Amino acid sequence: MPVFAGSELTCLRGDRLVFTDLDFSLAPGGALVLLGPNGSGKSSLLRVMAGLLKPVRGRLSWDGATVADDPDAHRAKIQYVGHLDAVKPVLTAAENLAFWAALGGAADPAANAARALDRLGVPHIAGVPGRYLSAGQKRRLNLARLLAAPAVLWLLDEPTVALDRAAIALFEGLIAEHRAQGGMVVLSTHTDIATPGGAELHLDDFTPYADDEHPDDHHHEGEDAP
Amino acid sequence: MNRFLRMVGRDLRLALRQGGDATIAVMFFVLCVVLFPFGVGPEPNILARIAAGVIWVAALLASLLSLERLFQTDYEDGSLELLSLSSLPLEAVVVAKTLAHWLVTGVPLIVAAPLLAVLLNMDAAGFGTLVLTLLVGTPILSLIGSIGAALTLGARRGGVLLSLLILPLYIPVLIFGAGAIDAAIHGLTPRPHLLLLAGILAGTLPLAPWAGAAALRQAVE
């Protein structure tokens, strides 16, 4: 089974060194929770893992095979959920989802989309155009992509934003199920998402110098680990 | 291929449901051409002389009008990130979106052009060539424009910047497009002009998606 790992990752945004010499390793069924104050590089690390952002140094690998050598194979293994929901206002929820499922290579995208909406507990929004969806419904629609176009590694950037408590519980169940099937999850969060047995990565440990702008702001956030 | 067609289909569906872009481009095209008789006077000979150039310049401007939106909405709502992570190569995404853009904005121009040629008293000998040059030329406009649209993503006043970047690159298309029509009207063969236009299309077809995809990768980073 594949192991996803990164070593000596260093990320630069503008002139600012976000994190340096960061190592991680993720085995099948594993979860990695990224913790740290705002600006500590959680989103940047997820974007580096997805391949959207190139690290200035360090490498990502699957079982020792460098990702940069075969980015296509890497892309086939991941599903990325970012801050933006990528919902088209004039397409219905089912059409939005079916498009991503088809792009992910699903044989029957429409059926996949319907099933995924069902699992996320929102089958009734299938025929609703994106512009009439609430923030929480859009987020569920975006998360449904994880099921409609399955991938081994889920990269989730604050996936529970705008979700209600019931939806968070539902989503924790989906993560657990994904991991039980050998999937992997990397997620950043400011709220508690239960990931039993998951590892934690404190990004402020890899920041080259202390945040000299607002030393006390947000510092508590690193401690509310699940 | 299936994914590519899906991508084209999605963009067509988006364009048709929103409805705006296609009609705006063709309305702009018609209005732009109709303004000329008011400006230069209703003298049929003068209008016939400038008809080819006027129609082509109006076509350039009309295609430019909707180009700004080519990647903008996908960029703003996060779709572009997901597209760049999908198994469809980003170059193919650019081709698909450009093809959809051409079908929605370029084809209506081609349909409207002969009517405008009548309005401007163009010699009937040039009609066939007019349609032919637009058929070869408007895809070039969309392709070159896609590079500009990708490069100006995220820039303030991207639309203006896009015009400044792209209009100079449209000049060869304008020269050979209008030249072919003039040649046909004067009883010469438009073939060399058309071949040169086709050559430009053959050059931009692989180059523009490659450059556009490179610019998009920069934009999502």
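In what order do the strands of the open sheet of 4 strands in chain A come? In this predicted model, the order is β2-β1-β4-β5, and the pairing is antiparallel. As a bit of background, strands of a sheet pair through backbone hydrogen bonds, and they can do so either parallel or antiparallel. The strands β2 and β5 (65–66) of chain A sit at the edges with a single partner strand each, so one side of each has no neighbour in the sheet. Further in, β1 (residues 4–13) and β4 (residues 57–62) of chain A run antiparallel and are joined by 5 bridges. To pick out a pairing by name, Thr10(A) has Arg57(A) in β4(A) as its bridge partner. There is a helix to look for here too: α1 (residues 42–50) of chain A lies across β1, β2 and β4 of chain A, and runs at about 120° to β1(A).

Now for chain A as a whole. It contains 6 helices and 9 strands. Its radius of gyration is 18 Å, close to the 17 Å that the globule rule gives for 226 residues, so chain A is as compact as a globular protein of that length. The C-alpha trace of chain A spans about 50 × 40 × 35 Å along its principal axes. Of the 226 residues in chain A, 44% count as buried. What about contacts between parts of the chain that are separated in sequence? Among contacts in chain A between residues at least 6 apart in sequence, 73% link residues at least 24 apart.

Asp21(A) belongs to strand β2 (residues 16–26) of chain A, and its phi is near 50°, a positive value in a residue other than glycine. For comparison, most residues other than glycine have a negative phi. Asp21(A) counts as partly exposed because it has 13 C-beta neighbours inside 10 Å, and a residue needs 20 or more to be buried, or 12 or fewer to be exposed. Val161(A) is found in the loop between β7 (153–157) and α6 (165–180) of chain A. With 14 other C-beta atoms within 10 Å, Val161(A) is partly exposed. Val161(A) and Asp23(A) are 138 residues apart along the chain, and their C-alpha atoms are separated by 27 Å.

Where do the chains meet? Here 23 residues of chain A are in contact with 18 residues of chain B. On the chain A side, the elements giving two or more residues are α2 (71–77), β6 (78–81) and α3 (93–103). Out of these, α3(A) gives the most, with 4 residues. Sorted by kind, the residues on this side of chain A come out as 15 nonpolar, 4 polar and 4 charged.

An unreviewed UniProt entry annotates "transmembrane region" over residues 21–40, 46–67, 99–120, 126–153, 160–181 and 193–216 of chain B. In the model, residues 21–40 of chain B are 100% helix and 0% strand, with their end C-alpha atoms 29 Å apart. Residues 99–120 of chain B are 95% helix and 0% strand, and the end C-alpha atoms of that span lie 30 Å apart. Moving on to a loop, Asn121(B) lies between α6 (90–119) and α7 (127–151) of chain B. Asn121(B) has a phi near 65°, a positive value in a residue other than glycine. Asn121(B) is partly exposed, with 16 other C-beta atoms within 10 Å.

Note on methods: Residues numbered from 1 in each chain as written. Chains lettered and ligands numbered in written order. Predicted model: local features only at pLDDT ≥ 70, side-chain atom pairs only at ≥ 80, totals over all residues. Contact = placed C-beta atoms within 7 Å. Nonpolar A, V, L, I, M, F, W, Y, C, P; charged D, E, K, R; others polar. Rg over C-alpha atoms; globule rule 2.2 N^0.38 Å. Pairing = 2+ DSSP bridges. Axes fitted to C-alpha atoms, helices over the stretch in contact; angles between N-to-C directions. UniProt positions renumbered as here; feature names shortened; annotations may be inferred.
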